[in-house]
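Subject: Structure for you to look at

Hi there,

Here is the structure I promised to pass on. Please open it alongside this message, and then read on for what turned up.

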Amino acid sequence: QVQLVESGGGLVQPGGSLRLSCSASDIIFRNYAMGWYRQAPGKQRELVAFISTSGVTNYSPSVKGRFAISRDDAKSTMYLQMNSLKSDDTAIYYCYCYAPGNNWGQGTQVTVSS
């Protein structure tokens, strides 16, 4: 079972930045694609950003140009740099590993508010 732990969430003003981290264990990290998802109150969980094993990335249109996903295979860690944050970005952010099984982290709260 993959262990995923997110960190870096918090309260930030509109226009601000945050950097989320997702640390993985019990897995050969470099072998699997990874993703960041988010779930806002009353809404379905949605894919925010995806990164393949070779570093190819894909983004939701709502965050493209503002967010950047990256990975450090030596540290078994994935990141999400979030810039120009908006109130609509408020959600619980989850990391996901595309390995066999249901591999979700516990989530980290991001609140964008003045």
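Below are my notes, beginning with the sheet and ending with the aromatic residues.

Please keep in mind that this is a predicted model.

An open sheet is built from six strands, in the order 2-10-9-4-5-6, with mixed pairing. Strand 2 (10-12) and strand 6 (57-59) are at its edges; each has a single partner strand, so one side of each has no neighbour in the sheet. On average, neighbouring strands are turned by 25° against each other, direction ignored.

Five of its six residues are buried, so strand 4 is largely enclosed by the rest of the structure. Its pairing with strand 5 is antiparallel and has five bridges, and arginine 38 has glutamate 46 of strand 5 as its bridge partner. These two strands make a hairpin, with six residues between them. In the turn, glycine 42 has a positive phi of about 75°.

Strand 4 also runs antiparallel to strand 9, to which six bridges join it. Here glutamine 39 stands opposite isoleucine 92. Strand 9 (residues 91-97) in turn is joined antiparallel to strand 10 (residues 108-112) by three bridges; in this pairing, alanine 91 has valine 110 as its bridge partner.

**The core**

Which residues have the most contacts inside the largest nonpolar core? They are Trp36, Met78, Leu80, Met82 and Tyr93, in a core of 30 residues.

Leaving aside neighbours within four places in sequence, its contacts include Leu18, Leu20, Trp36, Val48, Phe67, Ile69 and Tyr93. Arg19, Ala49 and Ala68 are also in contact with leucine 80.

**The aromatic residues**

There are six aromatic pairs in the structure. One of them is phenylalanine 50 with tyrosine 98, an edge-to-face pair at 5.5 Å centre to centre and 80° between the planes. This pair links distant parts of the chain, 48 residues apart: phenylalanine 50 belongs to strand 5, while tyrosine 98 is in the loop between strand 9 and strand 10. Phenylalanine 50 counts as partly exposed, at 24% relative accessibility, and tyrosine 98 is also partly exposed, at 32%.

Tyrosine 96 and tryptophan 104 make a tilted pair, with 4.6 Å centre to centre and 50° between the planes. Buried or partly exposed: what is each of these two? Tyrosine 96 counts as buried, because its relative accessibility of 13% is under the 20% limit. Tryptophan 104, at 27%, is partly exposed.

Ring pairs join Tyr37, Phe50, Tyr94, Tyr96, Tyr98 and Trp104 into a cluster. Arginine 45 is placed against two of its members: the charged end sits over the ring of tyrosine 94, 3.7 Å from the ring centre, and arginine 45 also lies over the face of tryptophan 104, at 4.5 Å from that ring centre.

Best wishes

Note on methods: Residues numbered from 1 in each chain as written. Predicted model: local features only at pLDDT ≥ 70, side-chain atom pairs only at ≥ 80, totals over all residues. Heavy atoms only, no water. Pairing = 2+ DSSP bridges. Helix = DSSP H or I, 4+ residues; strand = E, 2+ residues; numbered from the N terminus. Axes fitted to C-alpha atoms, helices over the stretch in contact; angles between N-to-C directions. Core = buried A, V, L, I, M, F, W, Y, C linked by side-chain atoms within 4.5 Å. Buried < 20%, exposed > 50% of the residue type's maximum accessible area, 1.4 Å probe, protein only. Contact = heavy atoms within 4.5 Å. Phe/Tyr/Trp six-rings, centres within 6.5 Å; stacked < 30°, edge-to-face > 60°. Lys NZ or Arg CZ within 6 Å of the ring centre and 35° of its normal.
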